[in-house]
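Here's a friendly walk through one structure, from its inside to a couple of single residues. Take a look at it first, then read on.

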Amino acid sequence: MRVLILSQYYHPEPVPKPLELAQALTEYGHTVSVITGFPNYPSGNLYDGYRLGLVRREIADGIPVTRTYEYPYHGTRAIGRVLNYLSFMLSAPLGSFFSPKCDAIYVWHPPLTVGVAAWIVARLRRVPFVYDVQDIWPDSVVLSGLMKPGTTVKVLSWLEKFVYRRASHILVVTNGARDNLIRKGVPPEKVTAMPHWIDEQLFQPGGAAERDELRAHYQWQDRFVVLFAGNLGMVQGLETVVRAADRLAKGGPALIVLVGDGTDKARLESLANDLGVQDRLQFIDRQPMESMPAFMSAADALLVHLKRSELTELVIPTKTMAYLAAGKPILMAMNGAAADLVEESQAGAFVEPEDPTALAAAIEQFSRMPPAELAALGENGRQYLVSHLSKSKVIKLYEEVLSRVAQKGT
């Protein structure tokens, strides 16, 4: 089977799924190629070693990668985001003329505009495409604050249905997300709930020496470190986390650490300075993906937080898989599918999102738990992941869907 992966984001950007799928399918004997943009996520700044152009071809890990033009931007201005999304939507079909033949296309969404590019490429190649919906648009765009309900959102809703109708098959992360699409008119047999995966081998517990060295470097020696790793954006609602730090006991052991970058980081840092919580909250710049297992191993607990909405109840942030693999207790400040996962795996605790008092209380409670109880929660999570969500198990399901779609054709 020859598979073309179409994703606006790809390695070295911190969006691992398209790369890991490409590598796994190659290992399984399939021929894989990629169309993507020029790397600039999440900062919006073009990565070192890249210069913008209409098309750039390269070989990465033996996989042909075609990069096409996109306007580099990932800030809060709507016009900047629109230019970023539309530029790749228009340029990606051009990339298909520089890519090998394929039998099926795998499409990683967001943004929604990549679905339009997928439809054009699929028409040009006369092959079907599988649409992997990570964030439900336009719902998530409204939640992020980039757009308000109105004409533009209505257009996006029409575009959403247009893409869904033309995809040969659609993948979503949870059954709740599947129900959402069915209510929007997608035939039930056309949409499959497919869980996230993680390569648990990348998150083997680190050695004591490495852990002690990292904790010493960031002055965590005597602290109970609750780590949030990833995008510091609007959807994450991390103002709640900053305000929770203000409610932690001064001089106490609890320390919240935010590792990452994103559109909301500057505002969060300003709020932290205004509240004077530098002794209970620490910001660390975005780290290479290969460094994150060490950070998670050095932490005492791991935090997930998203804004409260009906939409966030349908999703499980991908960082949750890494947290489970790291074998550390998880504090889940979300409702819905993500909280259900923590409860089912017995990997930690959950609190209501956007409630800084409850979050601070949960962190304080974690900090007083005996080490053996914390270790048991972490081990529960890792064992659950190995049994249900390991990379080797889940990617095989993706391979089956792509093979089935490729055999049916357009």
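## A strand covered on both sides

Strand E5 has both of its faces covered: Ala104, Tyr106 and Trp108 on one side and Ile105, Val107 and His109 on the other are all buried. Here, buried means under 20% relative accessible area, exposed means over 50%, and partly exposed is in between, with a 1.4 Å probe and protein chains only. Strands (E, at least two residues) and helices (H or I, at least four) are DSSP runs, numbered from the N terminus. Before going further, note that this is a predicted model: local features need pLDDT of at least 70, side-chain atom pairs count only at pLDDT 80 or more, and totals for chains, interfaces and linings use all residues. Residues are numbered from 1 along each chain as its sequence is written, and side-chain values use heavy atoms, with hydrogens and water left out.

So why is E5 (residues 104-109) called largely enclosed by the rest of the structure? Because six of its six residues are buried.

E5 also has strand partners, where pairing takes at least two DSSP bridges between two strands. Strand E1 (residues 2-7) pairs with E5 in the parallel sense over five bridges, and serine 7 stands opposite tryptophan 108. Strand E6 (residues 129-133) runs parallel to E5 too, joined by five bridges; there, tyrosine 106 has valine 130 as its bridge partner.

## The cores

In soluble globular proteins, nonpolar side chains tend to be buried together. A nonpolar core is a set of buried Ala, Val, Leu, Ile, Met, Phe, Trp, Tyr and Cys residues joined through side-chain atoms within 4.5 Å. The largest one here has 64 residues, and Leu6, Ile105, Tyr131 and Ile170 touch the most other members. A second, separate core of 41 residues includes Leu306, Ala337, Val342 and Leu389.

Leaving aside neighbours within four places in sequence, they include Ile35, Phe88, Ile105, Tyr106, Val107 and Trp108.

On a 1 Å grid over the protein atoms alone, a cavity is a set of points where a 1.4 Å probe fits but cannot get out, while a pocket is an open set with protein on both sides within 12 Å along at least five of seven lines; lining residues have an atom within 4 Å of a point. Points are joined across faces, edges and corners, and a volume is the space filled by probe spheres set on the points. The count comes to one cavity of 30 Å³ or more.

For the classes below, Ala, Val, Leu, Ile, Met, Phe, Trp, Tyr, Cys and Pro are nonpolar, Asp, Glu, Lys and Arg are charged, and the others, Gly among them, are polar.

| Space | Volume | Lining residues by class |
|---|---|---|
| Largest cavity | about 40 Å³ | seven nonpolar, one polar, no charged |
| Second largest pocket | about 330 Å³ | 10 nonpolar, five polar, two charged |

Among the residues lining the largest cavity are Val133, Gln134 and Leu314. The second largest pocket is lined by 17 residues, with Val173, Thr174, Pro195, Ile316 and Leu341 nearest its centre. Helix H12 gives the most to this lining, with four residues.

## Two single residues

Aspartate 61 is in the loop between strand E3 (55-60) and strand E4 (63-68). Is aspartate 61 buried or exposed? At a relative accessible area of 57%, aspartate 61 is exposed. Not counting residues up to four places away in sequence, aspartate 61 touches Leu19 and Gln23.

Threonine 240, in helix H8 (residues 239-247), counts as buried at 9% relative accessibility.

Definitions and conventions. Contact means heavy atoms within 4.5 Å.
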